[in-house]
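Please walk through this model with the sequence and the coordinates side by side.

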Amino acid sequence: MKFKRGQFIKLSALTAAFAIGGKKAISLIAGNELLADNHKTKADPNKRWGMAVEMGKCKEGCEKCIDACHTIHNVPDHGNPKDEIKWIWKEKKSKIFGEQVHPYAEKNADKPFLYMCLHCDEPPCTRVCPVNATFPREDGIVMMDFHRCIGCRFCMAACPYGVRNFNFKDPRPNIENPNYSYPSRSMGVVEKCNFCNERVDEGKVPACVEVCPEKVLTFGDLNDENSEIRQILRTRETIQPKTELGTKPSVFYVV
Amino acid sequence: MNSMIKVIPALAVFLAIVTIPVWINIGAEEMEKPELPEGMSECIESREYMRANHMKMLDQWRDESVRGSDHMYTNSKGQKFEKSLVKTCMNCHSSQEKFCERCHESVGVNNYCWDCHFTPEQMEAN
Amino acid sequence: MIERALRGNKLYWGWVGLLLAAIGVGIINYMEQLKTGLTITGMSRDITWGFYIAQLTFFVGVAASAVMMVIPYYLHDYKKFGKTIIFGEFLAVASVTMCLLFVVADMGQPQRALFVMFYPRPNSILFWDFVVLNGYLFLNIIIGWVTLEAEKNQVAPPKWVKPLIYLSIPWAVSIHTVTAFLIAGLPGRHLWLTAIMAPRFLASAFAAGPALLIILLMIVKKFSKFDPGKEPIQTLGKIVTYAMITNLFFYGLEFFTAFYSNIPGHMHSLEYLFWGLHGDNGEVYNKLVPAMWTSMTLGILGIALIIKPSMRQKETVLLIGAVMIFAATWIDKGLGLIIGGFIPNPIGYVTEYTITTPELLISIGIWSIGILIVTLGFKMAASIKKEVG
């Protein structure tokens, strides 16, 4: 490309200035004025986030997705099933799909399947919340507002999938490696997988999706017919648990 | 008139109890003022505005960013900031103990933000 | 009028003192729960509602005792209930107060309790439960107080009370219907997802409420000088009998639908309650089986005792029958219904529930508050009615 001498000098000077002063400039900006580098977007009502799970690719014993989720979201490990909190976990196929899994499947019936909040299109949990602490966002993510939750646990009774958790006690003492850039929850509120809404708002995919080495999870916009997830749903067989209840989950298990 | 012997002392005790907030702090040391960050000329809004409205503003921010996923705040000067207690406010007012706590403890308002959100001190220690 | 509740013999004050002590113990344990969290109860990730909500659903039923007398007295001119309606109304006040306290005790963030008013969501049945329970509480307090005061002054009650009394009739039906709707519309809980949940609530309410009232009126007769008369108690006995028969009949209907259809989801909870379930590795889950059979036995025996009018006439027999039926409905509607709804959990695992000591002590504290309201209210009412004659 042809440069005029003047342009070249200006370009070099700018580059040099940026290299030397850029970092300082950013810290000045960040220090003094904190101008929002607004890479955080609003929930887009034209999108409908969904996830496809291809358990065929999942490696036995690997729990990278679970570890990533529970670490970055400060999910505590209380060490007992009574107070247990799990946002994503490996559950037996026969438990998730119930009577769909017949006894002739033998060992295959207990195959571990990744299980998390299915972010239903018509969620029974949001219907029953008396204070709208859990609500469906415009882009399909079923949200939790921990500031609003009164801890009545009605949503937990309403969820037909058993994916919600309650903080029966203060979670902080049992968070092994806290992630200081994400808050923990207080005791007395309900929590669950939130499709990493804080990451989605920055244009990223959920942590579990990003961290998986085998690409078991595909996250995408169900409203975009050209998205990868729509391609999977068009061409592969998928099943979902308890669809007869009319919940319309956004998570699809590829058979 | 006989009952006055019982009534007046009882009235005195009642008044003493009811006016406790007024007299209980007589002689106590002056409340430590919150420590403002060095080198900063102004907050995202004016001092008077923040004094009167920071509680309401934080409430609005949390509703708008969590519930409406509306993350950007435009102040009265047209500058834009992220609606975040920790990332915006605490970035300058970098001590919960020396800033928030100073007033909140004196007025007895429990700022339970820190039950969930990590304080700058906690973040720094790690 | 309240001064009448503050006059009493040693026995009376001893009783009130005992109740206050129990309330104190409840408060101490509740403060522990506020500090440590609901982990001190027996509830878990799978059994998200336990003893507290079980008591809520049961005492909503007991609050029906008033309407069972209001309908005959005000709508059908059955004057015999004239002496006893006020007791039903005070029992309703005590029951609904206990219900509201049990809800607050169950909440994870009770300091946000008023959010139901600040951020109301009419789509949620819990919002309507809050509305109807509070409404019924105030209705009964106003109606009870005003009618009792009018009686004390030996004048007719003011005209504006009548519409409130008529309003309390459908309102009483609504508290049961709405509380039943709490659980009857949840798609994942097959024990509860039945259209006859509200009728079942009403039937067991009309058995439990009047049964408790029979017991309490007999206590009033024994300890105060006020005699409510034989007739009202007999009529209440008739109501209890037919309501309990209907209740057991409805239970049978549930069994039929579940077991004739052979649908696993419908059967599992009832199986757990009455026979127990087996886990994948041979574990046996049958903690509630003895309680459920006790409940059924007591219910049937209770009906058998009082179904014959000649037996019902004997007040001792009626008392025993009322106690049995009250116990039966308490076990079935409280523990059986609420705990059973969570077993098995939505993905087929069984976690059992055991009440913990702090949970029980808090519950006893709340019961004591209810019993205290009943004690004070009944003392007041009995003393006024005895005086006025």
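**From one residue pair to three chains**

A:Thr238 sits opposite A:Val254, a residue of strand E10 in chain A. This is a predicted model, and every value here was computed from it. The next residue pair to look at is A:Ile239, whose bridge partner in E10(A) is A:Tyr253. Strands E9 and E10 of chain A are joined by two bridges and run antiparallel, with E10(A) covering residues 251-254.

A:Tyr253 also faces another residue: A:Val53 stands opposite A:Tyr253 in E10(A). Here the pairing is between E1(A) and E10(A), which are parallel and share three bridges. Strands in a sheet are held in pairs by backbone hydrogen bonds, and the pairing can be parallel or antiparallel.

Taken together, four strands of chain A make an open sheet of mixed pairing, in the order E8-E1-E10-E9. Strand E8 (217-221) and strand E9 (238-239) of chain A are at the edges; each has a single partner strand, so one side of each has no neighbour in the sheet. Helix H8 of chain A, residues 228-235, lies across strand E1 (49-53), E8, E9 and E10 of that chain, and runs at about 110° to E8(A).

The sheet is one part of a chain with eight helices and ten strands. Of the 255 residues in chain A, 41% are buried. Among contacts in chain A with a separation of 6 or more, 64% are between residues 24 or more positions apart.

How do the chains meet? Two pairs of chains touch, and the pair with the most contacts is A and C. In that pair, 39 residues of chain A are in contact with 33 residues of chain C. On the chain A side, helix H3 (93-97), helix H4 (124-128), helix H5 (154-158) and strand E6 (165-166) each supply at least two residues. H5(A) gives the most, with four residues. By residue class, the side of chain A that touches chain C has 22 nonpolar, six polar and eleven charged residues.

Chain A also touches chain B, with 19 residues of chain A in contact with 21 residues of chain B. On this side of chain A there are seven nonpolar, five polar and seven charged residues. Chain B and chain C do not touch, and their nearest C-alpha atoms are 12 Å apart.

Within chain C, helix H11 (residues 289-306) can be checked for length. Its 18 residues, at 1.5 Å a residue, should span 26 Å, and this agrees with the 26 Å between its end C-alpha atoms. Which residues of H11(C) are buried? They are C:Met292, C:Ser295, C:Leu298, C:Gly299, C:Gly302, C:Ile303, C:Leu305 and C:Ile306. Viewed down the axis of H11(C), these buried residues fall within an arc of 160°, so they line one face of the helix. An α-helix has 3.6 residues a turn, so residues three or four places apart point the same way.

Conventions
Residues are numbered from 1 along each chain as its sequence is written. Chains are lettered from A and ligands numbered from 1 in the order in which they are written. This is a predicted model: local features need pLDDT of at least 70, side-chain atom pairs count only at pLDDT 80 or more; totals for chains, interfaces and linings use all residues. A residue is buried if 20 or more other C-beta atoms lie within 10 Å of its own, exposed if 12 or fewer, and partly exposed in between; C-beta atoms are placed from the backbone. Two residues are in contact if their C-beta atoms, placed from the backbone, lie within 7 Å. Two strands pair if DSSP finds at least two bridges between them. Axes are lines fitted to C-alpha atoms, for helices over the stretch in contact, and angles run from 0 to 180 degrees between N-to-C directions. Ala, Val, Leu, Ile, Met, Phe, Trp, Tyr, Cys and Pro count as nonpolar, Asp, Glu, Lys and Arg as charged, and the others, Gly among them, as polar. The expected span of a helix is 1.5 Å times one less than its number of residues. The arc is that of the directions from the helix axis to the C-beta atoms.
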